[in-house]
Amino acid sequence: MEYRSKAYPDQKSRSQLTQMSQAQRLQLDEESERLFLSHSLRRSFDKGNVIVRSGDAAESLYYIVSGSVVVTVENREGRDLIVAYLTAGQFFGEAGLFFDDITRTAWVKAREKCELAVMPYARFHQLVPERIELMYAVGRQLVHRLISSTDISADFAFNDATIRLARALVRMLQQSQASNMAEFTCTRQELARMIGCSREVAGKALKKLHEDGLIAVDGKRITILPEMKAFLEESV
């Protein structure tokens, strides 16, 4: 099912929306990034490739050079829940920096073709005295994800599918590196996996947000409109 919008927000509206993005302040500075990349192994993954498997031994830290990945968790029946989308400039696999002999707790797959920089934990610890900003950057991103996880838990406990979807879409925008955009592509199945419901329920929630003038939808393309911010503030 497709819902088509008559108009998309102008550049001023998009600029207002992207003030909600926190991606840039989570970035490594240029010098730290150069140092990390010079001591890491580059690996490329095509869309859909599995990068990390839940249950595998945690041995290395990953840094996204380009592209994006999706992080999911699964239950015993194989149903999965999307917990994060990560894009260029973000780390994943950090737990092994702080705990020995642990295993991965989530799946990470390439959402599109991506290039990653991979570094063994031991090597990262050797670099930290030379550039402490590396550890601060990892810490900032961990705290940001913890806050996001807390929000997701509260959504599941207190909010219906429509509000959960609205908040999930804004989180997705905040994680985006496209700082001049307020839109992205996402399938109905992905939306359902983001908010823990059926595809049909996700479709109804999406239609409601569209009819209320909070988003514009054109096939898989979703644009968050400026009215979304006021809606979420009122729903708290």
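**Aromatic pairs and nonpolar cores in a predicted model**

Phe-36 and Phe-91 are both buried, meaning under 20% relative accessible area with a 1.4 Å probe and protein chains only; exposed is over 50%, and partly exposed lies in between.

A word on the source. This is a predicted model, where local features need pLDDT of at least 70, side-chain atom pairs count only at pLDDT 80 or more, and totals for chains, interfaces and linings use all residues. Residues are numbered from 1 along each chain as its sequence is written, and side-chain values use heavy atoms, without hydrogens or water.

Now the rings. Rings of Phe, Tyr and Trp (its six-membered ring) pair if their centres lie within 6.5 Å; planes under 30 degrees apart are stacked, over 60 edge-to-face, the rest tilted. By this rule there are five aromatic pairs. Phe-36 and Phe-91 form one, edge-to-face, at 5.5 Å centre to centre and 80 degrees between the planes.

How is the pair of Tyr-63 and Phe-91 arranged? Their centres are 4.9 Å apart and their planes at 55 degrees, so this pair is tilted. Tyr-63 is in strand E3 (residues 60–66), 28 residues from Phe-91. Tyr-63 is buried too. Ring pairs join Phe-36, Tyr-63, Phe-91 and Phe-124 into a cluster.

Next, the whole protein. Eight helices and eleven strands. Of its 236 residues, 47% are buried.

On to the cores. In soluble globular proteins, nonpolar side chains tend to be buried together. A nonpolar core here is a set of buried Ala, Val, Leu, Ile, Met, Phe, Trp, Tyr and Cys residues joined through side-chain atoms within 4.5 Å. The largest has 29 residues, and Leu-169, Leu-191 and Met-194 have the most contacts inside it. Which element gives the most to this core? H5, with eight residues. Helix H5 spans 161–175. Other elements giving two or more residues include strand E5 (80–87) and helix H7 (199–211). Apart from this core lies another, of 18 residues, among them Tyr-121 and Leu-134.

Last, one arginine. Arg-188 is in helix H6 (residues 188–195). Arg-188 counts as buried, at 9% relative accessibility. Its side chain reaches the backbone oxygen of Gly-219 at 3.2 Å.

Note on methods:
Helices (H or I, at least four residues) and strands (E, at least two) are DSSP runs, numbered from the N terminus. A polar contact is a pair of N or O atoms within 3.5 Å; within protein, one must be able to donate a hydrogen and the other to accept it, and residues adjacent in sequence count only if both atoms are side-chain atoms.
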